[in-house]
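Below are my notes on the model, as numbered points. Please read them with the coordinates open.

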Amino acid sequence: HIWMRSGFGYACGTPTYSDGLIIWPTSYNVGETSGMLWAMDAETGSIEWNSTTYGGLGSAVFVSGTAT
């Protein structure tokens with residue numbers, strides 16, 4: 001499937017696939033590094049979870065263990 005989402009801020013890193021989820025970081029403003037991590041079900045496109053971050057974004061997401 002190919003999914004396109006909008007309304008999540010600015011993508012600020014490369015999406016990662018883990019445990020059936022696509023996980024990507026966003027920032028609230030261009031150049032800002034605090035924002036959100038989002039996890040979308042790769043099969044259905046539904047948002048499974050999100051988490052506020054307070055810095056440290058700006059690169060690919062690395063998952064250790066399970067992402068669910």
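1. Asp41 lies in strand E4; strands here are DSSP runs of at least two residues, helices (H or I) are runs of at least four, and both are numbered from the N terminus. With a relative accessible area of 19%, Asp41 is buried, where buried means under 20%, exposed over 50% and partly exposed in between (1.4 Å probe, protein chains only). The C-alpha atoms of Asp41 and Ile23 are 9.0 Å apart, at a sequence separation of 18 residues.

2. What does the side chain of Asp41 reach? A polar atom of the Asp41 side chain lies 2.8 Å from the backbone nitrogen of Glu43, and the backbone nitrogen of Thr44 is reached at 2.8 Å. The criterion for a polar contact is a pair of N or O atoms within 3.5 Å; within protein, one must be able to donate a hydrogen and the other to accept it, and residues adjacent in sequence count only if both atoms are side-chain atoms.

3. On provenance: this is a predicted model, in which local features need pLDDT of at least 70 and side-chain atom pairs count only at pLDDT 80 or more, while totals for chains, interfaces and linings use all residues. Residues are numbered from 1 along each chain as its sequence is written, and side-chain values use heavy atoms, with hydrogens and water left out.

4. The protein has five strands and zero helices, in the order β-β-β-β-β from the N terminus. Of its 68 residues, 34% count as buried. Of the contacts (heavy atoms within 4.5 Å) between residues at least 6 apart in sequence, 34% join residues at least 24 apart.

5. E4 and strand E5 (residues 47-52) pair in the antiparallel sense over five bridges; two strands pair if DSSP finds at least two bridges between them. Leu37 has Ser51 as its bridge partner in E5. The hairpin of E4 and E5 has five residues between the strands, and there Gly45 takes a positive phi near 85 degrees.

6. On its pairing with E3, E4 is antiparallel, with seven bridges. Trp24 has Trp38 as its bridge partner in E4. How enclosed is E3? Six of the seven E3 residues are buried, so the strand is largely enclosed by the rest of the structure.

7. The largest nonpolar core has five residues: Leu21, Ile23, Leu37, Ala39 and Val61. Strand E3 (21-27) and strand E4 (35-41) each supply at least two residues of this core. A nonpolar core is a set of buried Ala, Val, Leu, Ile, Met, Phe, Trp, Tyr and Cys residues joined through side-chain atoms within 4.5 Å.

8. E2 and E3 run antiparallel and are joined by three bridges, with Leu21 in E3 as the bridge partner of Ser18. Their hairpin has two residues between the strands. Asp19, in the loop between E2 and E3, has a positive phi of about 55 degrees although it is not a glycine. Asp19 counts as partly exposed because its relative accessibility is 43%.

9. Thr16 belongs to strand E2 (residues 16-18) and counts as buried, at 16% relative accessibility. Leaving aside residues up to four places away in sequence, Thr16 touches Leu21, Ile22, Ile23, Val61 and Val63. Among these, Leu21, Ile23 and Val61 are members of the largest nonpolar core.

10. E1 and E3 also run antiparallel, joined by two bridges. Tyr10, in strand E1 (residues 10-11), has Ser27 as its bridge partner in E3. Are these two residues buried or partly exposed? Tyr10 is partly exposed, at 42% relative accessibility, whereas Ser27 is buried, at 2%.

11. Ser27 and Ala11 are 16 residues apart along the chain and 6.5 Å apart by C-alpha atoms. Tyr10 and Gly35, 25 residues apart in sequence, have a C-alpha to C-alpha distance of 9.0 Å.
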